[in-house]
Structure formats: structure tokens, C-alpha cells
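The exercises that follow ask you to read a structure one step at a time, and each task is followed by a worked solution. Please try each task on your own before reading on.

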Amino acid sequence: MSARRLALSILNDIELHKSFAHIAAPAALSTSDLEARDKGLVTELVYGVLRNQLALDWLIDKFASRPVARIEPQLLNLLRLGVYQLVYLDKIPGHAAVDTSVDLAKEQFRPGVEKFVNAVLRSAARGREALPWPKRGRELTHYLSVFYSHPRWLVELWIDELGVETTEALLIADNKRPKVTLRANTIKTSPQALADLLRQAGIEAAADNICPEAIVPAGQNIPENIIADGLAYVQNSASIAVGHAIAPKKGESVIDFCAAPGGKATHLAQLMGDDGRVIAVDINASRLKLVEDNCRRLGVNIVKCVKGDATKSLSLPEVDHVLVDAPCSGLGVLARRPDSRWRKTAADIPRLAALQLGIVNNVAKHVKKGGTLTYSVCTISNAETYGVIEQFNSAHPDFRPKPVEIPGQTFAESPYARFWPHLHGTDGMFIAQWRRY
Ligand SMILES: C[S@@+](CC[C@H](N)C(=O)[O-])C[C@H]1O[C@@H](n2cnc3c(N)ncnc32)[C@H](O)[C@@H]1O
């Protein structure tokens, strides 16, 4: 199967079965016999089309003889694939984008459809020097939403909370291809040894300027054994930084109340030299199984998994450090999850903020006097950050905000720490911390 045909079948699968791109694409690629370069093209096409879907549909609507809403989903995906190549990929010649799309139309659709595909793509190819975007000066929100392909409610929310300049910077950052970061598992190896191993496999590897154990390989193809043998865990630097903010010592005790799949729990164990106790709680049993699998792979022995709802009373001890890495709207990780921007709604935010507050209010009692409570979310909305924190503060006078300290970093919002996609090149992550008195 050609790269474009496979890309189309993955896009259709995601559309029809509501599959997640970060699961559907690697699964389809793992059983494909395409060469590595073509597999790279499939990922580029699938992720690019999903990321730019609103912008692509706007353009198709302008170039097609009928409205996008009246084009059947599989055919629309084929048009999106073609227009994506024409508008966003310089390295693919225009005629190749048109011809391969027409061939796919002949192969996959009823006779005659290829004429419609040909007409839409030819006018897109002709018009690509001056694309018919909405006018920026006339309606800014609409322009930003379409041009940067983000849902309008999200653009409105960010403009309202962060202003136009930061919003536009975030929209641009979301559309960049994200880098993969590996956390060297210091229980089994060192960052230097991990980088050497990558270089031996022909992959350039750079140190990261945020976390000492983070390594950034050039490209997305990580040799399987590095992950399978537990030498590294794929984890964004902003997420690794949460562990450094907690900085647990050997022999201490920690409860991670929203632990699956275990990125932060296993990092905390690693920082403790696998000596002490980490209780990993999660409401979802199958996700909790991932924590167990990851611990086994990484050689982590001190993590004990407990299935539980962190909004309810759980029979767990008081510990030195409690972490709530809460379920959130994930607006800080849109670059890594190209389809996720289309799955979210404005209504998710107040619902999740209420859940976050319910969790953090309920689990605070498990922090020993003198111990720390850490709250982190990989999102960018006031309700899920300051909203939750302010309500927690007024209900818990025995908890005082503690400035989040991450070596080498200063934060404009101290005592809180915030990583921004457009400023740090990481996931968006908000971290707050308290000490109990
Ligand atoms: C952001 S993810 C955690 C990521 C994890 N800390 C890591 O670093 O790999 C949030 C987790 O919270 C869990 N969760 C959602 N509601 C919960 C609840 N009421 N109690 C406990 N866990 C919950 C979800 O199943 C999900 O695994």
C-alpha cells in the first residue's frame, strides 16, 4: 500500500471510529511494510491533515463546487490530504499532489469522483500563491481560528485570558512538529550513556536545557530496545520538571493520586534512587496496569499501585509528598496530540476544574505536617490553574504556597511555575506547590 493510501485509511479510521491519532497511526505503521522514509511521510500527512483540518476545510470550501458539509467524510479526507500537500508541504511538487490524489480517487471511489478531486486540487494549486483566508483586519478571532486551525471557542478563551499576542504565539507553537524527549532512566543508565547509544544507532542526540536527565534525539525514530529495555521513558521536559519541583529524597514517602501511565511516578522513584515508597493511585484499572508495566520495564521496585477515586475517602497514609497531576483539558499538549483540539469543548473546562478541586481538596489530608502538596496540569486555562488554587487556598489555611523551584529556571508567575509551548518549546504545564503547617 502506498504512503498516501495508508495515510488516507488512517484518517478514515480516526474519523469513522473516533480513534486517537497517536494510537491509530503507530498501530497501522507497525504492520506496514513501507520503508522508513515513507512511514515518515505517512505520519507527516496524517498529523498535518488533522492539525490543519479547519484551515483545510475552509480552503476546500472555497475551491470546491459544493460546500464541505455536503462532501462525504472519506472523500473530504482525500481532498484534505491533497490540499495539505499543496499548501503546507514545499517538498512535494504540486503535480504530484494532484496526480496521486486523482489516482486514489479512481481507486477508492465511484467513477467520476476523480473529476471532482481533480477540479478542486487544480484550483487549489492555481490559488496557492494568494490563498483566500478570512481577512485578519475584519474579524481577528475568526481569522486566527481558521488560519491557525484551532476551534473558535479556544481562540476566544485564550484572547480573553492571555491577550492576542500570546494567543497567536501559542497557536503557532501548537502547529509545529513537536520534538520527542527521552528521560534517561538513571536506575539503569546515565543521560550521557543514553546519548552515546543513540549516536551509535546513527541518531544525533542533544542534552536538554531544562532537565538534566532529558535527551532530545533528532527525529522520531527511537530504537525500540531503548524503550523496551527500560533505558528511557518518553516524557516531555515540562513533565519531568514536576519531579524536580518535588525533589523527593531517598527513603521518603510519596502518593501520586493521578498516576497512570506512570511518567511522574517512575521519575519520582528514580529521583529517590528506588529507595522509599511511592503509592500510585488511579481511577482507571487498565491505565494503572500501564504503571505496573512501566515499573517492570524501568526496573522500579518501590511503586505500589492502588486503584481508587481520588475524590473519595481512601485508606492511605500521610506521606512526605503528595502529587496531584490532575486530569485536565490538555490545552498545553495540542502540538503532540494533533486531533485533540477537535475533541475538546468549552464545557470541558468548568467540569474538569470542579473535578480537579474535588481531588486536591480531598487528598490534602494525606500530606504530613511539614510535607508538600504539588498540583500540576498540562493545560492553559485560568479555571484549571488559578481558579482551582484560589479555592484550595481559601479552604486550607494550614497549607501555604511554596515557591516552585526547578534548578536553572525562573518563573514570571512565581510562586507558581509555568512552562509555555511558545517560550520554552515544551508542553504547556502549570505547577503549584504548598507546604503543610
Ligand atoms: C494527566 S493524567 C496523569 C499522568 C501521569 N501523572 C503521568 O505523569 O504519567 C491524569 C490521570 O488521572 C486519572 N484520574 C481521573 N480521574 C481520577 C480520579 N477521580 N481519581 C484518580 N485518578 C483519576 C486518569 O485516569 C489519568 O490517568
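## Exercise 1: Charged side chains in a helix

Lys289 is partly exposed, with a relative accessible area of 44%, and this value, like every other one here, comes from a predicted model.

Task: Find which side chain meets Lys289 in a salt bridge, and then state how the two residues are placed in helix H15.

Solution. Step 1: The side chain of Lys289 meets that of Asp293 in a salt bridge, with an N to O distance of 3.1 Å, and this qualifies because the cut-off for such a pair is 4 Å.

Step 1: Both Lys289 and Asp293 belong to helix H15, which covers residues 285-298, and they are 4 residues apart, or about one turn of the helix.

Step 2: Asp293 has a relative accessibility of 27% and counts as partly exposed, since that class lies between the limits of 20% and 50%.

Step 3: Asp293 also forms a salt bridge with Arg296, where the closest N and O atoms are 3.3 Å apart. Arg296 and Asp293 are separated by about one helical turn, because they are 3 residues apart in helix H15, and Arg296 counts as exposed at 58% relative accessibility.

Step 4: Elsewhere, salt bridges that share partners join Glu15, Asp57 and Arg80 into one network.

## Exercise 2: A further pair and the total

Task: Determine whether Arg199 is buried, exposed or partly exposed, do likewise for Glu204, and say how many salt bridges the whole structure holds.

Solution. Step 1: Arg199 has a relative accessible area of 36% and is partly exposed, whereas Glu204, with 53%, is exposed.

Step 1: The side chains of Arg199 and Glu204 meet in a salt bridge, at 3.6 Å from N to O.

Step 2: A search of the whole structure finds 21 salt bridges.

## Exercise 3: Two packed helices

Task: Describe how helix H5 and helix H6 pack, giving the angle and the distance between their axes, and name the residues that make the contact.

Solution. Step 1: Helix H5 (residues 73-88) and helix H6 (residues 94-108) pack at an angle of about 170°, and their axes are 8 Å apart.

Step 1: H5 and H6 are therefore roughly antiparallel to each other, since angles over 145 degrees count as such.

Step 2: On the side of H5 the contact is made by Leu78, Gly82, Gln85 and Leu86, while H6 contributes Gly94, Ala97, Val98, Thr100, Ser101, Leu104 and Ala105.

Notes
Residues numbered from 1 in each chain as written. Predicted model: local features only at pLDDT ≥ 70, side-chain atom pairs only at ≥ 80, totals over all residues. Heavy atoms only, no water. Buried < 20%, exposed > 50% of the residue type's maximum accessible area, 1.4 Å probe, protein only. Axes fitted to C-alpha atoms, helices over the stretch in contact; angles between N-to-C directions. Parallel < 35°, antiparallel > 145°, perpendicular 65-115°, else oblique. Contact = heavy atoms within 4.5 Å.
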